[in-house]
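Visitor: I have a model open and would like to learn how to read it. Where do we begin?

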Amino acid sequence: MAAYDTVIRGGTVVTASDMVRADIGIAGGRVAALGENLDEGAHEIDAGGRLVMPGGVDSHCHIEQPGSTGGTNADTFTSGSISAACGGTTTTISFSPQVRGRGVREAMDGYAALARKSVIDYCFHIIVNDPSDAVIEEELPELIAEGHRSIKVFMTYPSNRMDDAQLLKVFACAKKHGAFVCVHAENHDAIMWMTDRLLEAGLTSPRYHAWSKPPVVEREAVHRVIALAELLDLPIQVFHVTCAEAAEEIRRAQARGIKVFGETCPQYLTLTADDMDRDGFEGAKFICSPAPRTEEHHEAIWRALIDGTLGIVSSDHAPYSFDDPRGKALHGANARFSEIPNGIPGLETRLPLVFSEGVAAGRIGPCEFVALTSANPARLFGLYPKKGTIAVGSDADIAIWDAEREVTIRSDDLHTQTDYTPYEGMSVTGWPVMTLSRGEVIWNDGEVTAEPGRGRWLKREPYDYIRPTGRFTAPFDPIALRKLEE
Ligand code: URP
Ligand code: ZN
Ligand code: ZN
């Protein structure tokens, strides 16, 4: 009888801390052994000349979710998760969206039912946009205790934004019950005011999306939300940081000992505001929020990734088809920028873009790549070391990479149901040629071998990584309602 179900032989195993030539023995869906010349497996995979890395953890992707700015998400859980797997990602964290006036429990029940079609493992952030007494006192505490340990809040979008008092209400609930909070940070009133002025001036085409929300509106909101979190000593993550100014706010807070984490996305390392300035409606393909910036900001964001200010690169996959009245053309192909659904597809291209722009371009090494795209999101969201590493006992979620492969990105070759990619024609170096989820090959260089529904929901227990600092801005704990020693 074979010693292992599968042996991945002869590759270079990369984790966030090490790079070593080793075989991997897999049994029962988990890594059972790492070493040289392991005994035979029932299934043998030759990884000679390849990098063998933990599957990606995409901790920010919108799958089969009603869009915050209208439009219908082009991917189902089946197509989205297949697309993720083909790009080397083995875990997604997407969003269960509350509808204003209704509960977070009913949203979760409906959304979790959709996710049962996933081909890879998954869990959810709870979007809260209406912190009613029932939500704060009953539904959120129950969902958190059941293992949904993260919440997303928005400071903009009419359908989702909350004011500072509402944010504090959600923050207090998260702190009390042990959930981690992620924030979409942009100043809503400033964006609305700028949008009205641009439309009044007749500046309506896609390129003016970027003018309506310049870096200053992001910087202000990042500063403000960090201050609110500091009041409660609540660790938070700022989602999709795009610019030098916002990264600097996070850096300054971290230097003061505030527990704030930062994330960015490939679009903020590769696309610019000029991409929205294309002929006709083409620019709509690049409209996402916050808006893509400039090449100077790309370099500032790389610096923030390298110095640790930002620890995660997620996709913010928010797929709206271009040639579709439910997608970018929801309000017609001449719609004003303010009416175009915000979001771009990116689950499948996230890892190749970061690998190419990061590792192949010499900005980071393979270990840093694994940290930014797999280990750090797994740590921050309570999934580590089950996910995010290759170690004995970890789930055998593995992506085998050809680090030399040159690929020209083409929408036709991708597996998302979105009808375009913003990266059309871009050349990248490095591509995942095989993906395993819990030891099962689900993507094999051109062939999808996964069955919809094999993915599992990941219950998240309380975890230490998001432990508060214990320091408050006044000698008073506003959650415990207790005076502290002065
Ligand atoms: O532009 C972005 N980031 N869109 C995602 C938000 C959403 O819910 O549509
Ligand atoms: Zn967002
Ligand atoms: Zn998002």
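Guide: With a definition. On a 1 Å grid over the protein atoms alone, a cavity is a set of points where a 1.4 Å probe fits but cannot get out. A molecule sits in a cavity if more than half of its atoms lie within 2 Å of its grid points. Here, ligand 1 sits in the largest cavity. This is a predicted model, and local features need pLDDT of at least 70, while side-chain atom pairs count only at pLDDT 80 or more. Residues are numbered from 1 along each chain as its sequence is written.

Visitor: How much of ligand 1 does the protein bury?

Guide: Accessible areas come from the Shrake-Rupley method with a 1.4 Å probe. Taken alone, ligand 1 exposes 280 Å². The protein buries 99% of that.

Visitor: In what order do the eight strands of the open sheet run?

Guide: Strands are DSSP runs (E, at least two residues), numbered from the N terminus. Two strands pair if DSSP finds at least two bridges between them. The order is 6-7-8-9-10-11-12-13, with parallel pairing. Strand 6 (56-58) and strand 13 (312-313) are at the edges with a single partner strand each, so one side of each has no neighbour in the sheet.

Methods: Chains lettered and ligands numbered in written order. Heavy atoms only, no water. 1 Å grid on protein atoms, 1.4 Å probe; cavity = no way out; pocket = protein on both sides within 12 Å on 5 of 7 lines; lining within 4 Å. Helix = DSSP H or I, 4+ residues; strand = E, 2+ residues; numbered from the N terminus.
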